[in-house]
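The sequence and the structure are shown first, and the description follows.

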Amino acid sequence: MKKLYNLLTFLILSAVVYTSCTPDKYDLEKIDIKSEDLVEGIAYTITHDTENPNIVYLTSLMESNYQSLWSHPQGRSQTQKDTLKIAFPGTYKVLFGVNTRGGVVFAADSAEFVIDEFYSGFVDHILWTNLTGGVGHEKTWRLDYGSYGLAAGPLTYCEPQTTWDEWQAGTAKIGWAPAWVGNEWIIEEADKDSRMTFSLIDGAEITTHKVTEGVDEIGTFSLDVDNHTITTTDATILRSNNFIANATNWNQNLAILELTENQLMVGVRRTNDEGDYLYVWNFVSDEYAENYVPEDLPDPEPTLPDGWQEDISKVVTYDIKWVLSPETPFNWANLDGSLKNTAWVSSDTYDDWTGFNSSVPAIYSDFSLKMNSQTNTVEYTAPDGMVENGTYTLDEKGIYTFTDIKPEFIISGEVTLKTSDDNTWRITSIEKDPSGNVTGMWVGVRDDVKPEYKVYKLVPQMDVEEVDPLVAWKSALAGKTFVPDVNWFVDWVGDSPDFAGGWTSASTFGDDLTTNSWVWDANVKAIAESASISFSMNGDVMEIDLAQKLTNEHNAGDDTTPDWVTDDVNSDFTNSGTVVIDTETSILTIDIPLVSYAGSSARWLSSVGNTGGEWFFVSHGDSSLSNIDEKGLWLGYTSKAGETTILHYVVSN
């Protein structure tokens, strides 16, 4: 079957790409070469190797000051001489062009050459076989959403120059390898049905079915097994719509980092203003995905915060009552304890089928469990006023076992609060306020069939003396100076109030100035090390002082440069303002901007406006007001829908 190379896309794109690359030394007032001058045999030659005619040499005969432009069956190039290695018989086309004083000029017609016989030597390699299934076969691939034990998700961020050898040796620097669950913004769920097929049937052909792009493509591809790159023509690899505009090259010499029988990883260089980086797209073969059986691993279990038993014992003291939350009394949780219905945050956000609304809590308002942690006794009061007394135990996994009482009643609709058949509840998660006090705990029963818990939220009810809610805040912040944490500089979590997730750690940054250079490099570190924020009290008013050294980078003039940055660079800068704390929402309104990273790779990190704004106080990494000296202070802002950017400050030594 003859394969004719389609030049339409090339003619459109190359006129833009190559013109933009025209050397400045050319005088663009006139054209010194015409299309009819670029004739085979005069301007260039196409010759076959004398020993192996499947090797074809493209040679420019133009003077060296004319940059050669080739479009051929294996891609595009800009060299004076190019070598093609073509395995399959057929008629192929080549289009030749040059940069001239007036811009790009292409030959009026493409030239043809013929390959007469199949030569297996060019495709007889394990990488060709892994990609296509071998000569006479084809293989279909899909994006890996993290469900097959190969990759965490469809995208991995790597250093720009990451190579096959580094990946295979385990020395590649990975910036981020996010799971798709919790990072759905990366790529739409609909693209789970997208497919790409690499074929070695009568040629090297790629076909794609891209659901969210809404296109089906047919093109050719070439695989460079020595340099571990892949080039496609008239089709591109599967990718996310969200990233297409971030890179200018989606088909030429793309880096292959992994290519096994079941897994393919292809890297595309990011070229937008976020900085140079490598998007690595993770694929799994259709056959492997369809037949994948997960390894029989132990079920995940809830992870309770450090010191949870002490936390509970502090709350569960003499005659402390646990009552059912009037806002979020029930839910379902995954085996790791995370809630499944995250939209249920108040009585008016529950789905209609649950029957729960703002009038329901009055029905169970008399329910309570009065528990004593010293005697392990419990008094159960049912919603109808019936009282039972018993005992309980609480083991190291957070499992309550009750004796002589068995709480059970209908909350709403068909939703019933009850313990398990063996009269137990398991603590699946614990909630705390910024001071580190337990404000609620989710307890529940595992389903007999589904991998989930049915859970109920209990909140402590205590008769305590009214205290100023700002006392804990003043104690934690006033009189202290905080500096940006150069080891755990920044993280990204979910929305308020849960702020779930996060992917960085206490050792992500530090002296590693390359792995995450899009947000952390020597310049950013220097800015962070020069800055501090200090809190103090002036009567009843909390004040804040900012100090940092302004550098030349701050004078870059980009749209992130705060208004207060002047031409006075390489000097100490100070600014002062006030802090208003909403203890209900844990939001700090600060009327000055905090540390500015203008002019650096972290320039896009917001300071919540040039005149200050609202910052979330985020309990992250088990931090709270009560351990701020040890764990530090996380301040965050909503960076986009579903995402909160949080910056870490630690107490200055």
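Which residues line the largest cavity?

## The largest cavity

In this predicted model, the lining of the largest cavity is formed by Leu143, Asp191, Ser194, Lys210, Thr212, Glu213, Leu238 and Arg239. Sorted by class, these comprise four charged, two polar and two nonpolar residues. The volume of the largest cavity is about 30 Å³, and the structure holds one cavity of 30 Å³ or more.

## Overall architecture and confidence

The protein has 653 residues, and buried residues make up 50% of them. Its secondary structure consists of eight helices and 38 strands. Among the contacts with a separation of 6 or more, 58% are between residues 24 or more positions apart.

Mean pLDDT for the protein is 87, with 90% of residues at 70 or more. Over residues 1–30, however, pLDDT stays under 50, although the model has 67 contacts beyond four places in sequence for this stretch. Where pLDDT is low, the predicted coordinates should not be read in detail.

## The second largest pocket

The second largest pocket contains about 980 Å³ of space. Its lining is made of 41 residues, and those nearest the centre are Gln74, Lys85, Phe221, Ser222 and Leu223. Two or more lining residues come from each of strand 4 (75–77), strand 5 (81–85), strand 14 (215–224) and strand 15 (229–233).

Strand 14 supplies the largest share of this lining, with seven residues. By class, the pocket is lined by 16 nonpolar, 16 polar and nine charged residues.

Thr208 belongs to strand 13, which spans residues 205–210. Is Thr208 buried or exposed? Thr208 counts as buried because its relative accessible area is 5%, below the 20% cut-off. Its side chain forms a polar contact of 2.8 Å with the side chain of Glu217. Beyond residues up to four places away in sequence, Thr208 touches Arg195, Met196, Val215, Asp216, Glu217, Thr236 and Leu238. One of these, Leu238, is also among the residues that line the largest cavity.

Thr232 is located in strand 15, one of the elements that contribute to the lining of the second largest pocket. With a relative accessibility of 1%, Thr232 is likewise classed as buried. A polar atom of the Thr232 side chain lies 2.7 Å from the backbone oxygen of Ala235. Apart from neighbours within four places in sequence, Thr232 is in contact with Ile206, Thr220, Phe221, Trp250, Asn251 and Gln252. Of these, Phe221 is one of the residues nearest the centre of the second largest pocket.

## His620 in a loop

His620 is placed in the loop that runs between strand 36 (613–617) and helix 8 (628–631). Although it lies in a loop, His620 counts as buried, since its relative accessibility is 10% and the cut-off for burial is 20%.

Which side chain makes a polar contact with the side chain of His620? The partner is Asp491, at 2.9 Å. Along the chain, His620 and Lys631 are 11 residues apart, and their C-alpha atoms are separated by 8.9 Å.

Note on methods:
Residues are numbered from 1 along each chain as its sequence is written. This is a predicted model: local features need pLDDT of at least 70, side-chain atom pairs count only at pLDDT 80 or more; totals for chains, interfaces and linings use all residues. Side-chain values use heavy atoms; hydrogens and water are left out. On a 1 Å grid over the protein atoms alone, a cavity is a set of points where a 1.4 Å probe fits but cannot get out, and a pocket is an open set with protein on both sides within 12 Å along at least five of seven lines; lining residues have an atom within 4 Å of a point. Grid points are joined across faces, edges and corners, and a volume is the space filled by probe spheres set on the points. Ala, Val, Leu, Ile, Met, Phe, Trp, Tyr, Cys and Pro count as nonpolar, Asp, Glu, Lys and Arg as charged, and the others, Gly among them, as polar. Helices (H or I, at least four residues) and strands (E, at least two) are DSSP runs, numbered from the N terminus. Buried means under 20% relative accessible area, exposed over 50%, partly exposed in between (1.4 Å probe, protein chains only). A polar contact is a pair of N or O atoms within 3.5 Å; within protein, one must be able to donate a hydrogen and the other to accept it, and residues adjacent in sequence count only if both atoms are side-chain atoms. pLDDT is the predictor's confidence in each residue, from 0 to 100. Contact means heavy atoms within 4.5 Å.
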